[in-house]
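Keep the structure in view as you go.

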Amino acid sequence: MSSLNSFTHQVEDTLDRIGTPLKPYLPVFARFLLVVTFLEDSLRIVSQWSDQLWYLEKHRGMPWGVSHTFLAVNVLVMLVCSTMAIARKRTNLAVAGLFGVIVSQSIGYGLLFDFSFFVRNLSVCGGLLMLLAEAYAKSRRSFFPGLPDLSETDKSHYMQLGGRVLLVLLFISLMFAGEFSLLRAAFSIVGAIACLMVAVGFKAKWSALFLVLFLSFFNVAINNWWSLHHTHPQRDYVKYDFFQTLSVMGGFLLLVNLGPGGISVDEKKKAY
């Protein structure tokens, strides 16, 4: 056991040395990845405006005018709040706005009870919680005056706990998708172990980094929307999954940068 601990410490020290030059750029890159699905979605709505209106009015029964307002407000909120999140300006309002977009689109497009869509959005919400926790840790002031007061540290730690648990849901949904194979089963077992380590906060930074690398390969191999013809009926869905996976990877990178928080095995081990 001691030899294993020594080996893991050596690996961590090596990765720390390699990653040190990148650390100043990691937070802004993670925030960009986190909101990239909202940026892509806003551009897609604008470029497919008439198709979006037709779907909302014919299939969802939205009245003319209401559909226009629904799309316009969503595009505006996604663009403004994504920019605020990247620039770390009024992060609480940015997170609230993006969360509102997730809820409104789930209801507006009738996807609230679609399991895959629901789980993916929960993972994106986990990333938004990590973003809020990062901003809260930096500012050390109350974002929500009037609510029952917890200590500033406790609030950030609870956000990180919620973010960790929600982030791993994407990977869990991927484990049960597609056809069974021995290779897929092996990857699923390894990924499940990493997810459990992230959720409980044990070696959370390195487990999250492993999941980022795993999702990078998975995203390119499976969600390769660029290989589909522009008229292919599944192209938009695959493209949507690609950018949502990027956003979840952004949440994991925020975890790598910020750490698992006080409610984690890693932090508890430091106290003993």
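**Exercise 1: the largest cavity**

Sort the lining of the largest cavity by class.

Solution. The lining has seven nonpolar, four polar and one charged residues. Ala, Val, Leu, Ile, Met, Phe, Trp, Tyr, Cys and Pro count as nonpolar, Asp, Glu, Lys and Arg as charged, and the others, Gly among them, as polar. Next, name the residues: Thr37, Phe38, Asp41, Met78, Val101, Ile102, Gln105, Phe117, Asn121, Val124, Tyr240 and Gln244. Then place them: α2 (26-47), α5, α6 (115-139) and α11 (235-258) each give two or more residues to this lining. A cavity is a set of points on a 1 Å grid over the protein atoms alone where a 1.4 Å probe fits but cannot get out, and lining residues have an atom within 4 Å of a point.

This is a predicted model: local features need pLDDT of at least 70, side-chain atom pairs count only at pLDDT 80 or more, and totals for chains, interfaces and linings use all residues. Residues are numbered from 1 along each chain as its sequence is written, and side-chain values use heavy atoms, without hydrogens and water.

**Exercise 2: helix α5**

Solution. Just after α5, Gly110 takes a positive phi of about 70°.

**Exercise 3: Trp64**

Is Trp64 buried or exposed?

Solution. First, find Trp64 in the loop between α3 (49-58) and α4 (66-87). Its relative accessible area is 69%, so Trp64 is exposed. Buried means under 20%, exposed over 50%, partly exposed in between (1.4 Å probe, protein chains only).

Conventions
Helix = DSSP H or I, 4+ residues; strand = E, 2+ residues; numbered from the N terminus. 1 Å grid on protein atoms, 1.4 Å probe; cavity = no way out; pocket = protein on both sides within 12 Å on 5 of 7 lines; lining within 4 Å.
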